[in-house]
Amino acid sequence: MKITKSQSGASAQIKLEGRLDTITAPELEKEIQTLSDASELVIDFADLDYISSAGLRVLLSAHKAFLKKGGMTITNVSETIVDIFEVTGFKDILNIK
């Protein structure tokens, strides 16, 4: 998986490409932890092909952390991943645009 990260003031953006799974989830978790000074996080899923339960766990942790600060939004989610969010109930928890 490729992670592209940028930050402008208190707003951070992460773009994911590839697969967010057991192998790559810890890498995303580390990248999110480096954003301690950001209050808002936008994660772009435009090029994300797959997400596993390990990836869902990282998103839930990030959501909880940023909920206390200002919020987290996930954008450009494919139908396949929206289906996963619906089945797992994450669609009701996460801010998906």
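1. Contact here means heavy atoms within 4.5 Å. Setting aside neighbours within four places in sequence, Ser6 is in contact with Ser11, Ala12 and Gln13. Ser6 is partly exposed, at 37% relative accessible area (buried is under 20%, exposed over 50%, partly exposed in between; 1.4 Å probe, protein chains only).

2. This is a predicted model, in which local features need pLDDT of at least 70 and side-chain atom pairs count only at pLDDT 80 or more, while totals for chains, interfaces and linings use all residues. Residues are numbered from 1 along each chain as its sequence is written, and side-chain values use heavy atoms, leaving out hydrogens and water.

3. A search of the whole structure finds two aromatic pairs (ring centres of Phe, Tyr or Trp, its six-membered ring, within 6.5 Å; planes under 30 degrees apart are stacked, over 60 edge-to-face, the rest tilted). Phe45 and Phe85 make a tilted pair, with 6.2 Å between centres and 40° between planes. Phe45 lies in strand β3 and Phe85 in helix α3, so this pair ties together parts 40 residues apart in sequence (helices, H or I, of at least four residues and strands, E, of at least two are DSSP runs, numbered from the N terminus).

4. The centres of Phe85 and Phe90 are 6.5 Å apart with planes at 15°, so that pair is stacked. Phe45, Phe85 and Phe90 form one aromatic cluster. Phe45 is buried at 0% relative accessible area, Phe85 is buried at 0%, and Phe90 is buried at 11%.

5. Among the buried residues of α2 are Leu56, Leu59 and Phe66. The buried residues of α2 pack against elements including β3 (40-51) and α3 (79-88).
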